[in-house]
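Visitor: Could you walk me through this one? I'd like to take it a piece at a time.

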Amino acid sequence: MTAEPHPPPPRSPGLVRVCVAAAIAGVGIGFLGGAFRWCLERADILRGDLVDWAQRLPGPGWLVPMLAAAAGAALAAAIVRRIPLAAGSGIQHVEAVHRGDAEPALPTLLPAKFVGGVLAIGSGLVLGREGPTVHMGAALGAEAARRGRLPDQDVRMLQAALGGAGLAVAFNAPLAGVLFTLEEVTKSVRLRTVLATVAATATAVACSRLVTGDEPDFDVGSVVSPSLSWLPLFIVFGLLTGVLGVLYNRLVLGFLDGAARISRVPAVARAAAIGAIIGLVTFVEPLASGGGDTLNQLLLDADSVVLWSVAGFLAVRFVAGPLSYAAAVPGGLFAPLLAIGTLWGVLFLGVFDAVWPGAHADLAIPIAIVGMTAFFGATVRAPLTAIVVVAEMTATTTVAVPMLAATAAAVLVAEGLRCPPIYDSLRQRMPRT
């Protein structure tokens, strides 16, 4: 008696079909992410005008930005109460879906993340635009795969690919978007994933540029490559940055734990209280709140800065970022990390110049740029993504060697201190769905 042959396993859809679905979804996140960024830019302008007006008011004008930020955070928290998945960055959910630990997001996430993100980030909370954009891209990728009747493995893969396209749109950094999917989300390089991510990112960035333009995020002039004799200084800087990154990660988790311990206070009230605190900070110094792009640009302009002012900004934003994230409203961690890295770089060079006076002016911009990559690498533990995203945002590659050395040193220290990457920690705190 001969055994009946087993039927052949079903064939996976061809690469062309997958890439077409990725490209179509890329158009969606390109326009949606571009519109999201445009709304946040308008919100920044309105917030600045509101603070200017409040500072000229007689009496307690500081109440105006406090109430405005509290209202924005509370409304964003109310949206999260209806759509819980909209809370926080969302990148940890994209990673969990790819690992099979969670189900892909549904399209209902899109308006919640968009509107909630504009309210939360636009009100001045120290959060980044990239988290919501990545999450919205992932939701569009999953929906495109479902509508294309692709198998479950391709649904999960496409949501990861479109998450990378979302990052590319958020920072106008297409290569970094592709690397983000491979290095941070999938932690693997497979042809199917690479092609889908490239197709999605190409269409997404092309469409977003129709909305926001095609300029680097930061206007950085010609940067002279630092002499190799300064490389040991950058390595020491990277080692210290690794320690700073570990402290930041622990502070983020500490604030989340603190918020969880006061669960008797409604989430909307907690968010409003945090918003009020950030609103007061905004009234005192507008550059201390928000994502940090304006502050970054000022530092990269190499204008003369007071060292104590830089130290103050660093201290405030180092706490305000984790505090804002504890509000559990839509918003990411990436953009605030870049601002902290820039501040830390400028502060480090200022202290070094005070201890060892000399002609260090040529190092001001390089160490600010290196600070972004090293701090990003230490917290997220995605060094290649960190280096490429900053290189694309600043349109400079002359600092590549110090970036590589400092970022490697920062990541080694963070690994040696046994501090998990921030998104691994956040993913482990997610309820299994």
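Guide: Gladly, and please keep in mind from the start that this is a predicted model. The domain assignment divides the chain into domain 1, covering 15-212, and domain 2, covering 228-428.

Visitor: How many Å separate the centres of domain 1 and domain 2?

Guide: Taken over C-alpha atoms, the two centres lie 21 Å apart. Where the domains meet, domain 1 brings 52 residues to the contact and domain 2 brings 45 residues.

Visitor: And what area is buried between domain 1 and domain 2?

Guide: The size of an interface is often given as the accessible area lost when the parts come together. Here the area buried between domain 1 and domain 2 is about 4000 Å², and carbon and sulfur atoms give 69% of that. On the side of domain 1, Val 126, Leu 127 and Glu 183 supply 18% of the area that this domain buries against domain 2, which is more than any other three residues.

Visitor: What about salt bridges, how many are there between the domains?

Guide: The count between domain 1 and domain 2 is two salt bridges, while a search of the whole structure finds 16. Arg 427 forms a salt bridge with Glu 95, and the closest N and O atoms of this pair are 3.1 Å apart. The pair links distant parts of the chain, with Arg 427 in helix 17 (residues 422-428) and Glu 95 in helix 3, 332 residues apart.

Visitor: Why would side chains like that pair up?

Guide: As a general point, side chains of opposite charge can pair when their charged atoms come close.

Visitor: How many residue pairs are in polar contact across the interface?

Guide: Across the interface of domain 1 and domain 2 there are 18 residue pairs in polar contact, counting pairs with both residues at pLDDT 80 or more. Several helices give two or more residues to the side of domain 1 that touches domain 2, among them helix 1, helix 4 (109-122) and helix 7 (174-185). The largest share of that side, 11 residues, comes from helix 2.

Visitor: Switching topic, at what angle do helix 1 and helix 2 pack?

Guide: Helix 1 (residues 15-55) and helix 2 (residues 63-82) pack at an angle of about 150°, with their axes 8 Å apart. Helix 1 makes the contact through Leu 50, Val 51, Trp 53 and Ala 54, and helix 2 through Val 64, Pro 65 and Ala 68.

Visitor: Which classes do those contact residues fall into?

Guide: The residues of this contact between helix 1 and helix 2 divide into seven nonpolar, no polar and no charged.

Conventions. Residues numbered from 1 in each chain as written. Predicted model: local features only at pLDDT ≥ 70, side-chain atom pairs only at ≥ 80, totals over all residues. Heavy atoms only, no water. Axes fitted to C-alpha atoms, helices over the stretch in contact; angles between N-to-C directions. Helix = DSSP H or I, 4+ residues; strand = E, 2+ residues; numbered from the N terminus. Contact = heavy atoms within 4.5 Å. Nonpolar A, V, L, I, M, F, W, Y, C, P; charged D, E, K, R; others polar. Domains from an automatic or database assignment. Buried area = accessible area lost by both parts, 1.4 Å probe. Salt bridge = Lys/Arg side-chain N within 4 Å of Asp/Glu carboxyl O. Polar contact = N/O pair within 3.5 Å; in protein donor to acceptor, adjacent residues only side chain to side chain.
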